[in-house]
Amino acid sequence: MTADQSLADFDIAIIGGGAGGVLTAIHALRLADAGARIALIEPVARLAQGVAYATTHGEHLLNVPARRMSAYKDRPDDFVDFLVASEGEDARDAIAVAYAERRRYGDYLRDRLQLARSGSAAHFEVLQDRVTGIDGEEGSGRLRLQLESGTELRARGAVLAVGNNPKPLPARGAAGLPAGSVLEAWDFDAIKRIPAEAEICIAGSGLSMVDTVLSLAANDHRGRIHVLSRHALLPLPHTKHAVAGFEAETLLAMPLRQRMRALREAARDAERQGLPWQAVMETARPLVRELWCTLSYDEQRRFLRHVVRYWDVHRHRIAPQVHAQLETLQASGQLRLHRGRLQTVAREGTRIRVSVSMRDRRSLELDVDRIVNATGVEMRAQLMRNPLLSDLLGKGFARPGPHGIGIDTCAEGELVDAQGRNLPAIAVVGSLRIGRLWESIAVPELRGQAETAARRLLAHARE
Ligand SMILES: Cc1cc2nc3c(=O)[nH]c(=O)nc-3n(C[C@H](O)[C@H](O)[C@H](O)COP(=O)(O)OP(=O)(O)OC[C@H]3O[C@@H](n4cnc5c(N)ncnc54)[C@H](O)[C@@H]3O)c2cc1C
């Protein structure tokens with residue numbers, strides 16, 4: 001592809017305007033000199049939503065206290081400051097440890113983007129569009145980005161911050177069901193419209209299931225709620241912040257089995273000292289990435305096969321009040337947790353028959369009015385149903401990450417092509433780096449990756 005001087009030309013094109021893309025734009029605007037040109041490309045009109053912060057419903061809370069959600073590592077109170085500005089200085093201490101409404105986080109990122117934009121000498125454009133392909137331009141060293149609208153743009157560097165897509169419902173027969181009978185857990189408004197008497201089957205028992213149950217509860221739902229999952233593990237609660245006095249670094253030199261044993265032992269020690277087990281996870285949290293990277297390939301595989309379900313419910317915890325609400329619904333019998341694998345779904349008169357194979361080879365049949373798909377995100381790059389990723393994989397500009405999850409990147413976040421070469425002009429931010437980093441989805445990781453990508457690509461543009 002040869003140079004076309006008439007195309008809009010940018011130093012950095014940020015692809016995706018969810019939290020990861022907006023954090024990258026905030027840092028790029030902060031770091032850029034006058035004359036730098038930055039574009040943010042996102043098909044959704046409102047920025048900083050993605051899946052997590054698109055909810056407009058107050059019952060959906062952050063899973064992390066406000067004091068850990070700042071967009072800036074060096075200004076840890078920034079999100080708290082934003083909330084305090086509308087809720088009052090007297091509430092500061094309570095706000096810092098509370099689990100804010102998720103929609104407020106989107107408001108925060110949009111506000112900080114606006115501030116960064118007005119304080120920056122750089123040129124900044126938001127394009128409401130979707131990137132469908134990237135090519136290298138002969139001679140100029142620039143990238144050429146193809147957009148869904150049919151236009152193209154040139155850029156010296158690009159940031160892939162495209163997040164993940166939900167997995168389709170893993171059941172035979174789903175395509176034959178009437179429209180509206182299978183809902184996506186992330187279609188928050190459709191979940192709100194479920195009639196209060198409806199009997200519901202939620203496939204999946206993670207954080208998306210929790211969102212659905214909270215919306216049903218906020219609507220005074222009266223129908224039965226079946227939660228179906230292969231391991232029947234529900235997310236566990238946070239407790240008051242506490243740090244256990246064990247040396248988490250010692251875990252790094254241990255093989256997987258020994259690490260797990262050491263963590264369990266540390267949890268027992270903590271309890272003997274009157275501390276919750278959560279204190280041990282808090283102590284280990286800053287090391288999660290290193291814990292993953294220091295496992296051998298085979299041990300990582302063993303982790304994915306045998307440990308991940310247990311790890312996830314301990315690591316990705318929920319607000320204590322949300323956990324208490326789930327327990328109350330379970331105790332009342334309205335919410336029933338089933339351990340089994342979803343097999344088929346079929347129309348049965350006006351209802352849906354859900355067939356499940358249970359662990360003990362028994363089968364379970366449920367007749368329900370709605371199914372909610374809360375099976376989470378697709379981690380395998382080839383199945384993500386994102387045309388841009390298909391394009392990059394198809395052209396050999398990208399390859400799947402280790403274990404086939406996400407896409408491959410080097411330590412600094414540069415994309416790695418099918419031949420194993422780093423592509424310094426393309427940086428990756430967010431969950432696509434899961435195969436290399438494992439811990440690559442929450443805000444503390446995103447803001448660090450965003451800042452590194454912005455700094456590196458601005459330097460790359462000046463070369
Ligand atoms: C329900 C839920 C709750 C969460 N709660 C928390 C929490 O409390 N604390 C926390 O730290 N983390 C939380 N997370 C993690 C969360 O994923 C991240 O904080 C963050 O939302 C991820 O942002 P992202 O930009 O990487 O991806 P996404 O939010 O998925 O955004 C990706 C964006 O890219 C756009 N896009 C995709 N393809 C293209 C393309 N080809 N061209 C242009 N644009 C494209 C999409 O439209 C989308 O807007 C939560 C996640 C979920 C799902």
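Me: His-403 is found in the loop between α12 (387-395) and β14 (414-416). How are these elements defined?

Reply: Helices are DSSP runs of H or I with at least four residues, strands are E runs of at least two, and both are numbered from the N terminus. This is a predicted model: local features need pLDDT of at least 70, side-chain atom pairs count only at pLDDT 80 or more, and totals for chains, interfaces and linings use all residues. Residues are numbered from 1 along each chain as its sequence is written, and side-chain values use heavy atoms, with hydrogens and water left out.

Me: What is phi of His-403 near?

Reply: Most residues other than glycine have a negative phi. His-403 has a positive one, near 65 degrees. His-403 counts as buried, at 18% relative accessibility. Buried means under 20% relative accessible area, exposed over 50%, and partly exposed in between (1.4 Å probe, protein chains only).

Me: Where is Ala-48 found, and is Ala-48 buried or exposed?

Reply: Ala-48 sits in the loop between β2 and α2. Ala-48 is buried, with a relative accessible area of 0%. Its phi is positive too, about 60 degrees, although Ala-48 is not a glycine.

Me: Which residues does Gly-106 touch?

Reply: Contact means heavy atoms within 4.5 Å. Leaving aside residues up to four places away in sequence, Gly-106 touches Ala-48 and Tyr-53. Gly-106 belongs to helix α4 and is buried, with a relative accessible area of 0%. The C-alpha atoms of Gly-106 and Ala-54 are separated by 7.5 Å, although these residues are 52 residues apart along the chain.

Me: How many residues does the largest nonpolar core have?

Reply: A nonpolar core is a set of buried Ala, Val, Leu, Ile, Met, Phe, Trp, Tyr and Cys residues joined through side-chain atoms within 4.5 Å. The largest has 47 residues. Those with the most contacts inside it are Val-22, Ile-38, Phe-79, Tyr-105, Tyr-108, Leu-109 and Leu-113. The elements giving two or more residues to this core include α1 (19-31), β2 (37-41) and α4 (102-118). Another core, of 28 residues, lies apart from it, with Met-254, Ala-266, Val-280 and Ile-405 among them.

Me: Which residues does Val-22 touch?

Reply: Not counting residues up to four places away in sequence, Val-22 touches Gly-17, Leu-40, Leu-47, Ala-48, Leu-109 and Leu-113.

Me: How many disulfides does a search of the whole structure find?

Reply: A disulfide is a pair of cysteine sulfur atoms within 2.5 Å. The search finds 0. The sulfur of Cys-293 is 12 Å from the closest cysteine sulfur, in Cys-410, so the two are too far for a bond. Cys-293 counts as partly exposed, at 43% relative accessibility, whereas Cys-410 counts as buried, at 18%.

Me: How many cavities of 30 Å³ or more are there?

Reply: On a 1 Å grid over the protein atoms alone, a cavity is a set of points where a 1.4 Å probe fits but cannot get out; lining residues have an atom within 4 Å of a point. Points are joined across faces, edges and corners, and a volume is the space filled by probe spheres set on them. The search finds 2 cavities of that size. About 120 Å³ of space lies in the largest cavity. Helix α7 gives the most to its lining, with 4 residues. The lining includes Leu-256, Arg-259, Trp-292 and Trp-438. The second largest cavity has a volume of about 50 Å³, and Pro-166, Trp-186 and Asn-373 are among its lining residues.

How values were computed: On a 1 Å grid over the protein atoms alone, a cavity is a set of points where a 1.4 Å probe fits but cannot get out, and a pocket is an open set with protein on both sides within 12 Å along at least five of seven lines; lining residues have an atom within 4 Å of a point.
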